[in-house]
Amino acid sequence: MSALDNRLFAKMNGIGNEIVVVDLRDQPAPVTPADARAVAAHVPYDQLMLLQPARLPGTEAFVRIYNNDGSESGACGNGMRCVARQMFAGTDKNGLTFETRAGLLNCWRGPADGLYTVDMGEPKFGWQDIPLAEEFRDTRMIELQIGPIDAPVLHTPSAVSMGNPHAVFWVDDIDAYDLARLGPLLENHPIFPERANITLAHIVDRQHITMRTWERGAGLTKACGSAACATAVAAARLKRTDRTVEMTLPGGRLTIAWRDSDDHVLMTGGAEFEFEGRFDPALFAGARASTTA
């Protein structure tokens, strides 16, 4: 029996990032990668957000995050806004705290109706923290390229961890590259021992960046909140933007603020509810058979 048998789920999206939220706080049984893949075959998603019983005082839940290939992710900013929207519904609370593999995340309502802010924590820049397979003293630009040595297609990305690894390539036109082809090659490059999210970013001006992302374990998506945070931080580190910027993604806009006082990254954007459903246990019969075979 799967922990997801007959469970209610909410299908949501965070500016086009397809999210499924399942509240399992009353049933802490484990969910397997095979279960996560079975959900994706039934209700296509980029990330599956599973709310499990809180492990720390003052938190609402421990949130496990699965990509649609069954792998786990440490952070998903767009997914956390969807979780926050669900948890704020029917309450008068203005702030909530959740635990994830990436640490504690605080969420707030506002600053306007339909918007939610997530504190994504501090970015990490050390090569071992991202992680990278070899030492780079300065991760603002690392030695990595794809294509001919004398005429690389993409080169010298910025590397950042926002609870998961990110590589940001700076380009003049984010639509001029076949990211569906280049993304998986770069995601699985040996320099990234845990794979990486791959972003193409163009700096419009000091307050505006456009971007597209190939997500580790999910593929080409309309939005990636942690990538937006990583990109904003990487641009500010290069002194090419201010610490608060508007990010334009294929699915919509986010505001990213890299706070001076503590270096935490705040992400603000919308979250939409699409529909509610219930998982048929038959979905997971094949998953159980494959794990016991």
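My entries follow, one topic at a time.

**Ground rules**

I am working from a predicted model, where local features need pLDDT of at least 70, side-chain atom pairs count only at pLDDT 80 or more, and totals for chains, interfaces and linings use all residues. Residues are numbered from 1 along each chain as its sequence is written, and side-chain values use heavy atoms, with hydrogens and water left out.

**Aromatic pairs**

I began with the rings of Phe, Tyr and Trp (its six-membered ring), which pair if their centres lie within 6.5 Å; planes under 30 degrees apart count as stacked, over 60 as edge-to-face and the rest as tilted. The count came to 5 aromatic pairs. I looked at Phe9 and Phe279: their ring centres are 4.5 Å apart and the planes make 20°, so I logged the pair as stacked. For locations I used DSSP runs numbered from the N terminus, with helices (H or I) of at least four residues and strands (E) of at least two. Phe9 belongs to strand 1 (residues 8-14), while Phe279 is in the loop between strand 19 (272-278) and helix 5 (285-292), so this pair ties together parts 270 residues apart in sequence.

Phe9 is buried at 5%, and Phe279 is buried at 1%.

Next I noted that Phe88 and Tyr116 are stacked too, at 6.2 Å centre to centre with 15° between the planes. Phe88 sits in helix 2 (residues 77-88) and Tyr116 in strand 8 (residues 115-119), 28 residues apart. Both residues are buried. I also found a cluster in which ring pairs link Phe9, Phe275, Phe279 and Phe284.

**Charges over rings**

Here I needed NZ of Lys or CZ of Arg within 6 Å of the ring centre and within 35 degrees of the ring normal. Arg237 lies over the face of Phe125, 3.8 Å from the ring centre. The charged end of Arg240 sits over the ring of Trp170, 5.7 Å from its centre.

**Pockets**

My pocket search ran on a 1 Å grid over the protein atoms alone, with a 1.4 Å probe: a pocket is an open set of points with protein on both sides within 12 Å along at least five of seven lines, and lining residues have an atom within 4 Å of a point. Volume is the space filled by probe spheres set on the points, which are joined across faces, edges and corners.

The largest pocket has a volume of about 390 Å³. I listed 21 lining residues for the largest pocket, with Arg101, Ala102, Ser161, Gly163 and Asn164 nearest its centre. Strand 5 (72-73) and strand 7 (103-109) each supply at least two residues of that lining.

The second largest pocket has a volume of about 190 Å³. Its lining includes Phe9, Val22, Met87 and Glu276. Strand 1, strand 2 (17-23) and helix 2 each give at least two residues to that lining.

**Salt bridges**

I counted a side-chain nitrogen of Lys or Arg within 4 Å of a carboxyl oxygen of Asp or Glu, which gave 17 salt bridges. Lys11 and Glu18 form one of them, with the closest N and O atoms 2.2 Å apart. Lys11 is buried at 4% relative accessible area, whereas Glu18 is partly exposed at 23%.

Asp260 pairs with Arg243 at 3.1 Å between the closest N and O atoms. Asp260 is in the loop between strand 17 (252-258) and strand 18 (265-270), and Arg243 in the loop between helix 4 (225-237) and strand 16 (244-249), so the bridge ties together parts 17 residues apart in sequence. Asp260 is exposed at 62%, and Arg243 is partly exposed at 26%. Shared partners join Lys11, Glu18 and Glu274 into one network.

**Backbone**

Most residues other than glycine have a negative phi, and most peptide bonds are trans. Which peptide bonds did I log as cis? Gly110 to Pro111 is cis with omega about 20°, and Ile130 to Pro131 is cis with omega near -10°. Arg195 has a positive phi of about 65°, and Asp263 has a positive phi near 65°.

Terms used
Buried < 20%, exposed > 50% of the residue type's maximum accessible area, 1.4 Å probe, protein only.
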